[in-house]
Amino acid sequence: MTQDEMTDTNDGTDPTANAAADTPDPSGDPLVDQSIDVEGTSTTEQTSGTARTVLESRNLDVYYDDVQALNDVSLAIPAKQVTAMIGPSGCGKSTFLRCINRMNDLIDSARVDGELRFEGKDVYDDDVDPVALRRRIGMVFQHPNPFPKSIYDNVAYGLRVQNQTENMDEKVERALKHAALWDEVKDQLDKSALDLSGGQQQRLCIARAIAVDPEVILMDEPASALDPIATSKIEDLIDDLAEDYTVVIVTHNMQQAARISDKTAVFLTGGELVEFDDTNKIFENPENQRVEDYITGKFG
Ligand SMILES: Nc1ncnc2c1ncn2[C@@H]1O[C@H](COP(=O)(O)OP(=O)(O)O)[C@@H](O)[C@H]1O
Ligand SMILES: [Mg+2]
C-alpha cells in the first residue's frame, strides 16, 4: 500500500466527502449553524497581487499523534487562481489540503494548531459546521471515486441532498459541460458511472463537486492515476475552472504545477513551507537554495 492509499481518507464509500453535501440547508450556505454573517465578519483584507485572499493559514501546525506533519505554515491563497502545492512525498501537502475543508477531522490522531481562515473566518472555530464548510469547499481525490450510480445521479447527488431539485436537468448539464464531459456522455446519462474510463470518471467527480456551486475546489493529485491524454484534459479543465473557482491542487509533478498554476507553494521535509510565490518566480528564480535543488531534481 502506498503512502497515499494509506492516508487517503476517502475510500469512495463516504458520499459526503466528494459531493461536499450532507444535510439540506435551505438558508443558503453559511459556515455556521446560526445566521452569522461570515462575509461581514471578514478580517482578511490582505491581498495577493491584485487578487483577493480567500484562504489563509497562519502558523499552522498539524500533528498525527506526536508526529508533526506541518510546521508553522503561513500562506495566503488568492481568489480565482490556481495555487499548486508541490514537494516530496510525505512533506505534508495532503495534510494541508485536508486542513482547508476539515477532512482531517476524520483522522482520529490528527491535531491542528494555528489558524486556517476562509473568507476571514477560522474554519476551526467551534461554531463552524464542517458539513456546511465542505459544501463551499469541494474536494477531488487522486483516485476517481464516482458513486455506483448513473452518470446523471452522480452529478445530481449533492443537489438532491440540498433540496435544490428545481431545473435539475439544466444544472446537471451545466456541471457536465463545465467539467468538459458533456459531449462524451450526453446520450448515456443513465449509464453507470463505473463504466466510464478513468479520465472520464475523474471529470465526472469534478462535475459532481461543482454541481453544488462551491467557491473553492481542492484537488489532491487529481491526474496522477491517469494516462497522458486524460491528464492533459484535466489540466485544460483546471485552467478553465479557475475562471469561476479558487483551485488548490496538490501535485508531485513539477511540470504540471509549472503548466497550470499561478502560485506555487513548495513544502519540504518536516512539513515546512519553504517558499511561496508566483509560479514563474518559483520555477525560474527561486529565492531558496533548497527549492532550487528540489525543482532542478537534485533531490526529491
Ligand atoms: N492518517 C495519518 N496518520 C498518521 N500519519 C499520517 C497520516 N497521514 C499522513 N501522515 C503523516 O504525515 C506526514 C505528511 O503526510 P502527507 O500529508 O500525506 O504528505 P504528502 O501528501 O506530501 O505526501 C507524513 O509523515 C505521513 O506519514
Ligand atoms: Mg499526498
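The crossing of helices α6 and α8 is right-handed; a crossing counts as right-handed if the near helix is turned clockwise from the far one by less than a right angle, and left-handed if anticlockwise. Helix α6 spans residues 168-178 and α8 spans residues 198-211. Their axes come within 8 Å and cross at roughly 130°. Axes here are lines fitted to C-alpha atoms, for helices over the stretch in contact, and angles run from 0 to 180 degrees between N-to-C directions. The two helices are therefore oblique to each other. Angles under 35 degrees count as roughly parallel, over 145 as roughly antiparallel, 65 to 115 as roughly perpendicular, and the rest as oblique.

This is a predicted model, in which local features need pLDDT of at least 70, side-chain atom pairs count only at pLDDT 80 or more, and totals for chains, interfaces and linings use all residues. Residues are numbered from 1 along each chain as its sequence is written, while chains are lettered from A and ligands numbered from 1 in the order in which they are written.

On the α6 side, K171, V172, A175, L176 and H178 meet A207, I210 and A211 of α8. Contact requires C-beta atoms, placed from the backbone, within 7 Å. The residues of this contact divide into 6 nonpolar, 1 polar and 1 charged. Ala, Val, Leu, Ile, Met, Phe, Trp, Tyr, Cys and Pro count as nonpolar, Asp, Glu, Lys and Arg as charged, and the others, Gly among them, as polar.

Helix α8 also meets α5 (residues 151-161). Here the axes come within 7 Å and cross at roughly 25°. α5 and α8 are therefore roughly parallel to each other. This crossing, too, is right-handed. From α5 come I151, N154, V155, Y157, G158 and L159; from α8 come L204, A207, R208 and A211. By class, 7 are nonpolar, 2 polar and 1 charged.

Now the sheet. Six strands form an open sheet in the order β7-β8-β9-β4-β10-β11, with mixed pairing. Helices (H or I, at least four residues) and strands (E, at least two) are DSSP runs, numbered from the N terminus. Two strands pair if DSSP finds at least two bridges between them. Within this sheet, β8 (residues 216-220) and β9 (residues 246-250) pair in the parallel sense over 5 bridges. V216 stands opposite T246 in β9. Helix α3 packs on the sheet and touches β4, β7, β8, β9 and β10; its direction makes about 150° with that of β9. Further along, 6 bridges join the antiparallel strands β10 (residues 263-268) and β11 (residues 272-278). K263 stands opposite D278. The hairpin of β10 and β11 has 3 residues between the strands, and G270 takes a positive phi near 95°.

Strand β2 (residues 51-64) runs antiparallel to β3, with 8 bridges. L60 has V73 as its bridge partner in β3.

Last, the ligand. Of the 15 residues around ligand 1, Y64, A69, K93, S94 and T95 come nearest; a residue is near if its C-beta atom, placed from the backbone, lies within 6 Å. α1 (3-7), β3 (67-78) and α3 (93-100) each supply at least two residues of the shell. The largest share, 3 residues, comes from α3. The shell divides into 5 nonpolar, 9 polar and 1 charged.

Note on methods: Two residues are in contact if their C-beta atoms, placed from the backbone, lie within 7 Å.
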